[in-house]
Amino acid sequence: MIIGIVSDTHLRGGKVKLPDKLTEAFKEVDYILHLGDWTSLEVYDQLTALAPVDGIAGNNDGYDIIERFGEKKILSFEGVRIGLVHGHEPYSSRLATPQKARKAFEGDSVTCILFGHSHQPYLQTEDGVLLFNPGSPTDKRREKQYSFGLLEINGGQVSARHIFYEDKG
């Protein structure tokens, strides 16, 4: 099973067009997970044209997105438990985003934690848990390239990789 992983699309106001690189790759996935800061349900509509979609809301999402997706969840694919959180809470914490995401699932049995918020691609395994931030396909901020991710589940094993590109057109 291959799952498309995206976060921090930040598209709104009639300018909702996902990058071609992302839509082409996601035509081949079995499922898509969005890790918050959709900022428009039009993003959901575009993604559902490619594959089934789920996700969570981020700190820039409105009530409609929060109500629809919630802010934290655990999903199971082929017996693998995957935690989804945006990564912005707790606001007062001085922890880096990966540590905030990890803390959100403290005490939960998960194989993988997917998060966004920082727009910084991240891939690390800590204490047997895969931590993955796909970066952003539309708002790279200080990063050199735009990015999203692919998560593969095969026989209970999970691996992830980033797809990087320079032009978001």
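The side chain of aspartate 61 comes to 2.8 Å from the backbone nitrogen of aspartate 37. A further contact of this side chain, at 2.7 Å, is with the backbone nitrogen of threonine 39. These values are computed from a predicted model. Aspartate 61 lies in the loop that connects β3 (53-55) to α3. Its relative accessible area is 8%, and because buried means under 20%, aspartate 61 counts as buried. Leaving aside residues up to four places away in sequence, aspartate 61 touches Gly36, Asp37, Trp38, Thr39 and Ile66.

Trp38 is among the residues with the most contacts inside the largest nonpolar core, together with Leu22, Phe26, Ile32, Val43 and Leu47. This core has 23 residues. Two or more residues are given to it by each of α1 (20-26), α2 (41-48), α3 (63-69), β9 (146-154) and β10 (157-165). In soluble globular proteins, nonpolar side chains tend to be buried together.

Helix α2 may be considered next. At its start, a side-chain oxygen of serine 40 reaches to within 3.0 Å of the backbone nitrogen of glutamate 42. The buried residues of α2 are Val43, Tyr44 and Leu47. They lie on the same side of α2, because they cover an arc of only 100° around the axis. An α-helix has 3.6 residues a turn, so residues three or four places apart point the same way. The cover over the buried residues of α2 includes β1 (2-6), α1, β2, β3 and α3.

Three of these covering elements, β1, β2 and β3, also belong to a sheet. This open sheet is formed by five strands in the order β3-β2-β1-β9-β10, with mixed pairing. Because β3 and β10 each have a single partner strand, they stand at the edges, and one side of each is left without a neighbour in the sheet. From one strand to the next, the twist averages 25°.

Strands β4 (residues 72-77) and β5 (residues 80-85) run antiparallel and are joined by six bridges. In this pairing, phenylalanine 77 stands opposite valine 80 in β5. The hairpin of β4 and β5 has two residues between the strands, and glutamate 78 takes a positive phi near 50° there. Strand β5 is also joined to β6 (residues 112-114) by three bridges, and these two strands run parallel.

The buried residues of α4 are Thr97, Pro98, Lys100 and Ala101. Since they cover an arc of only 160° around the axis, they are on the same side of α4. What covers them includes β5, β6 and β7 (122-126).

Terms used
Residues numbered from 1 in each chain as written. Predicted model: local features only at pLDDT ≥ 70, side-chain atom pairs only at ≥ 80, totals over all residues. Heavy atoms only, no water. Core = buried A, V, L, I, M, F, W, Y, C linked by side-chain atoms within 4.5 Å. Buried < 20%, exposed > 50% of the residue type's maximum accessible area, 1.4 Å probe, protein only. Helix = DSSP H or I, 4+ residues; strand = E, 2+ residues; numbered from the N terminus. Polar contact = N/O pair within 3.5 Å; in protein donor to acceptor, adjacent residues only side chain to side chain. Contact = heavy atoms within 4.5 Å. Pairing = 2+ DSSP bridges. Axes fitted to C-alpha atoms, helices over the stretch in contact; angles between N-to-C directions. Arc of directions from axis to C-beta.
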